[in-house]
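Dear colleague,

Please find below the structure that I am handing over to you, with its sequence.

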Amino acid sequence: MPKFDTLIKGGTIVDGTGSPRFVGDIGIKDGIITDIGAGISGDASDVIDGTGKIVAPGVIDAHTHYDAQLHWDPYATNSGWHGTTTIGVGNCGFGFAPCHPQDRERYMQMMETTEQVPVNAMRTALGWDWVSFPEWIEHLKRVPKGVNVASYVPLNPLLIYVMGLEAAKSRPATAEERERMKQELHAAMDAGAIGFGFSYQGEHNTHIDCDGTPMPSDTMSREDILALAEVLRERGEGSIQALVDTPGARFGEIALEVARVSGRPVLHNVVIVNDFLPTYHEEVLALVDKAREEGLEIFTQTLTTRGWNEFKPMDWDIWNIIPEFREFTFAGDRAAKVAKAADENYRTRLRNVYRPELLAPAGGPLEHYVLNDACGVAPWNQYEGKSVGEIAAAVGNRPTIDVFMDIVVDTNADSDFLVAEGMSFDDEKVAQVLKHPFTIPGTSDGGAHVKFWAGGQYSTDAIIWMVRETGLMTLEEMHYKLSAVPAEVLGLHNRGTLAAGQAADLFIYDYEALDYPRLKYEIAHDLPDGDWRRVCKPQGIERVMVNGETTFVNGTECTGATPGRLVGSGGADMDEQLMHPMAIAAE
């Protein structure tokens, strides 16, 4: 029998600890790195020549919304293609468990309106063989996975499950309901949850329920949040993901409160460098520094990729921070949205409230939307490649609102736009954020917003931009940030670095060839019902390995292997538990 299943020879190993890179070999057996160093010898079923290539720990993408997509895409592509080997789900308080059978349709509608996961794909693929969160964990064990999965308990489902939808949106929990929620969280943690995730942004969140109202967690009682934080303190385990800060909705102090009560790591979202809001990132970093001075274990997750959105007006919702734009979002089907865009009364109200700075934190002002595709419709087709502001000037300085809505009407809401100004390309400011000791790269939102966003290329972009192009970070610093730090925050066992005894989650890439298409997504018609999404594929990534098995070669060539596992924050014993089915007592 060979000594190794896989032996990687002569690669330049960046082990994720921050230590200097070195040329060496890695021996893998039964999904574990058994040997690492120079001159390793022994037979292997698969010998990989790593000469001239970087061998690095798999990226840990802590902030995704692949909860649904895993059911039709085991590899969490858009992230998995780019070297991600472990994902976190249940973020922002959104997910599918716990869930009473009568609420299943509503949960899917919520996921569509908050995270733009197409509802028909969910109806086709989910199956719904769970009610409680422990049953959801058992369900995920059975789902073939090409990545490892760590799951938060999302608070919106928990609130609705215990209180009912109307009550969860209108009042605090009673003492009995609060105790029931704590019991459910204990049961979820026993089953393998890594903590809980929530949004708390009042009326200012772009994550809007399907009826146009805030999601329950955004307006829930702080006492209810803190009661759940007490559960993690009692257990001495787990972490909390908190979407509490975005430009225009500043609730960062709640992150400090849950950190004080829980005594556990809190992953604050989100820190952005935005040219329209030049001090926002400094304010968030100051909040984190304040927390650390108090002894609180707070990290903040960055949204600092050179990302972009490409969208059709039918699908775009980031402008929902302006209530009048929500009227368009929730107008109904295509015909209803076109009718709304044509309505002069609506346009008048929109003109009266719209100011460019209001959309600065939402991808950029309307004036800066670039018309990608006018669907061959004159006169707009002659302006492809121009911004709406430029088009408005060219057609007689007409109001921007009217020009945009005219394009919507004339193209039957099928025109395509590009906006790339929600994040800054300021090298120094982005490096300042990424190099801060308590930031984590990411907030990929992978699996969400599939009609206008990909997101999973953030790791590839960070290596290219911050290391290769600008030299503002070393490769060692970057891989420490991409893997070791999120593993620490999530409490993952034996993941995030390359060392003997660690899980063999890694990727191999050509540093000079590493790249991805800029400002142009591909369209992939690969959703369960034949629907489409936007994707961003890498160049230069030669192999991705999860638990010692290769999932991708040459970028996006899939091997068909599904070696991914559920992973928890309870150490080796929990990870062992998560590898086997367990009997769940009926409620």
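**Findings**

Strand E6 is joined to strand E7 (residues 84-89) by 3 bridges, and the two strands run parallel. Helices (H or I, at least four residues) and strands (E, at least two) are DSSP runs, numbered from the N terminus, and two strands count as paired if DSSP finds at least two bridges between them. Within this pairing, Val-59 stands opposite Thr-84 in E7.

The model is a predicted one, in which local features need pLDDT of at least 70 and side-chain atom pairs count only at pLDDT 80 or more, while totals for chains, interfaces and linings use all residues. Residues are numbered from 1 along each chain as its sequence is written, and side-chain values use heavy atoms, with hydrogens and water left out.

E6 and E7 belong to an open sheet of 3 strands in the order E6-E7-E8, with parallel pairing. Strand E6 (59-61) and strand E8 (148-151) are the edge strands, each pairing on one side only. From one strand to the next, the twist averages 20 degrees; axes are lines fitted to C-alpha atoms, for helices over the stretch in contact, and angles run from 0 to 180 degrees between N-to-C directions.

**Strand E20**

Strand E20 (residues 506-509) has both faces covered: Leu-506 and Ile-508 on one side, and Phe-507 and Tyr-509 on the other, are all buried. Here buried means under 20% relative accessible area, exposed over 50%, and partly exposed in between (1.4 Å probe, protein chains only). In a regular strand the side chains alternate between the two faces of the sheet. Strand E5 (residues 54-57) is joined to E20 by 4 bridges in an antiparallel arrangement, with Tyr-509 as the bridge partner of Ile-54. E20 also pairs with strand E23 (residues 541-546) over 4 bridges in the antiparallel sense, and there Met-545 is the bridge partner of Leu-506.

**Helices H7 and H8**

Two packed helices are described by the angle between their axes and the distance between the axes. For helix H7 (residues 222-235) and helix H8 (residues 253-262), the axes come within 7 Å and cross at roughly 40 degrees. The contact (heavy atoms within 4.5 Å) is made by Arg-222, Ile-225, Leu-226, Ala-229, Glu-230, Leu-232 and Arg-233 of H7, together with Ile-254, Glu-257, Val-258, Arg-260, Val-261 and Ser-262 of H8.

The buried residues of H8 are Ile-254, Ala-255, Leu-256, Val-258, Ala-259 and Ser-262. They pack against strand E10 (195-199), H7, strand E11 (239-243), strand E14 (266-272), helix H9 (280-293) and strand E15 (298-303). After H8 comes Gly-263, whose phi is positive, near 70 degrees.

Thr-300 has its place in strand E15 and is buried, with a relative accessible area of 0%. Leaving aside neighbours within four places in sequence, Thr-300 is in contact with residues including Leu-267, Val-288 and Ile-440. Thr-300 and Pro-441 are 141 residues apart in sequence and 8.8 Å apart in space, C-alpha to C-alpha.

Arg-351 lies in helix H12 and counts as partly exposed, at 28% relative accessibility. Neighbours within four places in sequence aside, Arg-351 is in contact with Glu-344, Pro-399, Ile-401 and Asp-402.

**Aromatic pairs**

Rings of Phe, Tyr and Trp (its six-membered ring) pair if their centres lie within 6.5 Å; planes under 30 degrees apart count as stacked, over 60 as edge-to-face and the rest as tilted. By this rule there are 22 aromatic pairs. The ring centres of Trp-316 and Tyr-369 are 6.3 Å apart and their planes stand at 90 degrees, so this pair is edge-to-face. Trp-316 lies in the loop between strand E16 (309-311) and helix H10 (323-329), and Tyr-369 in the loop between helix H12 (344-353) and strand E17 (370-373), so the pair ties together parts that are 53 residues apart in sequence. Trp-316 is buried, at 1% relative accessible area, and Tyr-369 is buried at 0%.

Trp-316 also forms an edge-to-face pair with Phe-452, at 4.9 Å centre to centre and 75 degrees between the planes. One aromatic cluster includes Trp-316, Tyr-369 and Phe-452.

Yours sincerely
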